[in-house]
Amino acid sequence: MTESVRFYSTNRQAPVVGLAEALLQGQAPDRGLYLPQAYPQLSRSDLAGLRGRPYAEVAWAVLRGYTAGVIDDDTLRALCEDAYNYEVPLEQVTERSWLLRLDRGPTASFKDFAARMMARWMGALVAQHRGAQDRGLVILTATSGDTGSAVAHAYFGVPGVRVVVLFPPAEVSVRQRKQMTTIGGNVTTIGIDGKFDDCQALVKRAFADPQLKHLRLTSANSINIGRLLPQAAYYVYAYVNLADVAAGEPVIICVPSGNFGNMMGAVIAGRMGLPLRRLVIATNANDEVPVFLRTGIYRKISPSRVCISNAMNVGHPSNLARLVDVYGGWMDETGTLRQPPDLGQMRRDLYAISISDDQTRATIRDAYQRYGVLLEPHGAVGWAGLEHFLRENPGEQQYLAISVETAHPAKFPEEIEALLGIVPPVPPSLAGIEGRPEHYERLPADYGQFKQFLVERFADVNG
């Protein structure tokens, strides 16, 4: 079995690597982000053959082209069956519009899909390459809401792996925080006195610090290509179960977007053969990407704007560099556009819109009253974006459209109760979490202090 896919850095100054190295490094040495040199193709007949199949089988079909030469097919199938042991509901809202609910995993967030597969991939790779004196990996991740809990739960107890999660305490819900801070074991959580972008900047700087090389740092954020590849699978799953695949029916997909990793999963699915008619990108008031697509001028928002869709409070999305690269441009890690992308083609493929908090709340009320559909703030941003697109483009209403619901409404009980007068049902994954004891560190948004913390806390790692 030969390795079929290699990965290059968006900054174009690092060696091309295989999947194992891309996963374990997280960020490329030149501070760029990895992308596949080629995308394994799913033919129309391949897609048609996946209709009605279990989610784990669809994920296996999507991922096997990337893992060839690294993880054999039988092992990958077993990992998929172990990772995806929960429902992936498709909920019809109107005649041609559906919700893809990604909120049924162990932390009630779409982040479970990528985190659980990454944990299994990394656990297998660490086991393959670990020597007698090697104490394993330290995973650094920054979260604006849901990534931290998904990563912490996915990697909890994985031999040879320790996890550090950075989050802004003022901008996560109580349930989101407690999902991270009540785990313990090999998981360390740090509340950073700042914004998500501060957390993300600390993580990126640590990766590039040669004095921390001995810690074997890697990432479980969407800067790691291992986050994006598994996310392509659920777009394929939704499509094959809703579309006329044999006829090659196109689909409109709407993704609520913050750091743009979820959106890049849809882009990857499209590059693999999913017939995307239009990709609708819905942001909250952090509208740097809609403005960029409209004007061609990119300006970071600093500090990022605080919105009720808190996991999307990102003023400089890392994955924009990947999107720019896909369209022939080059954006470096600072957000500087070194080479412009094909904006004309981007505008034909993508529709981007910013949704305010008032619009988000109105959408939650409207969806519940008109359709009996319960949305939380992030899914409401997505649904509002899709509705705007269809109103502005009435000719598109004939096409199949899928909007993504990324978190369970029970993560935002105060907001739901204030808007609808109901308390959202609590899934088993969140039951009793308020009463669990929690512990987390506090640090300022200062790299020197963060670096000192890492050196002292993990002095025994590979040292």
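Tutor: Let us begin with strand β10 (residues 276–283), which is largely enclosed by the rest of the structure because six of its eight residues are buried. Buried means under 20% relative accessible area, exposed means over 50%, and partly exposed lies in between, with a 1.4 Å probe and protein chains only. Helices (H or I, at least four residues) and strands (E, at least two) are DSSP runs, numbered from the N terminus. This is a predicted model, in which local features need pLDDT of at least 70 and side-chain atom pairs count only at pLDDT 80 or more, while totals for chains, interfaces and linings use all residues. Residues are numbered from 1 along each chain as its sequence is written, and side-chain values use heavy atoms, with hydrogens and water left out.

Student: Which strands pair with β10, and in which sense, parallel or antiparallel?

Tutor: Two strands pair if DSSP finds at least two bridges between them. Strand β9 (residues 251–256) pairs with β10 in the parallel sense over six bridges, and Ile253 stands opposite Leu279 in β10. To get from β9 to β10 the chain passes through helix α10 (residues 261–272), in a β-α-β crossover that is right-handed; that is, with the strands pointing away from the viewer, the path from the first strand over the helix to the second runs clockwise. Strand β13 (residues 350–354) also pairs with β10 in the parallel sense, over five bridges, and there Ile353 is the bridge partner of Ala282.

Student: How should I read a nonpolar core, and which residues have the most contacts inside the largest one?

Tutor: In soluble globular proteins, nonpolar side chains tend to be buried together. A nonpolar core is a set of buried Ala, Val, Leu, Ile, Met, Phe, Trp, Tyr and Cys residues joined through side-chain atoms within 4.5 Å. The largest one here has 110 residues, and those with the most contacts inside it are Phe7, Tyr84 and Tyr155. Helix α9 (residues 225–242) gives the most to this core, with 13 residues. Apart from it lies another core of 27 residues, including Leu99, Ala384, Tyr399 and Ile416.

Student: What does Tyr155 touch?

Tutor: Contact means heavy atoms within 4.5 Å. Not counting residues up to four places away in sequence, Tyr155 touches Ala115, Met118, Ala119, Met122, Ile139, Val161, Val163, Asn186 and Ala220.

Student: Where is Asn319 found, and is Asn319 buried or exposed?

Tutor: Asn319 is found in the loop between α11 (288–295) and α12 (320–326), and Asn319 is buried, with a relative accessible area of 0%. Leaving aside neighbours within four places in sequence, Asn319 is in contact with Leu33, Ser222, Leu228, Asn259, Phe260, Gly261 and Met264.

Student: How many disulfides does the structure hold?

Tutor: A disulfide is a pair of cysteine sulfur atoms within 2.5 Å, and the structure holds zero of them. For Cys199, the closest cysteine sulfur is that of Cys307, 17 Å away and therefore too far for a bond. Cys199 counts as buried, at 0% relative accessibility.

Student: How many salt bridges does a search of the whole structure find?

Tutor: Side chains of opposite charge can pair when their charged atoms come close. A salt bridge is a side-chain nitrogen of Lys or Arg within 4 Å of a carboxyl oxygen of Asp or Glu, and a search of the whole structure finds 21. In one of them, Glu441 and Arg457 have their closest N and O atoms 3.0 Å apart. Because Glu441 lies in strand β15 and Arg457 in helix α17 (residues 447–457), the pair ties together parts that are 16 residues apart in sequence. Elsewhere, salt bridges that share partners join Glu87, Glu91, Arg101, Asp103, Arg104 and Glu405 into one network.
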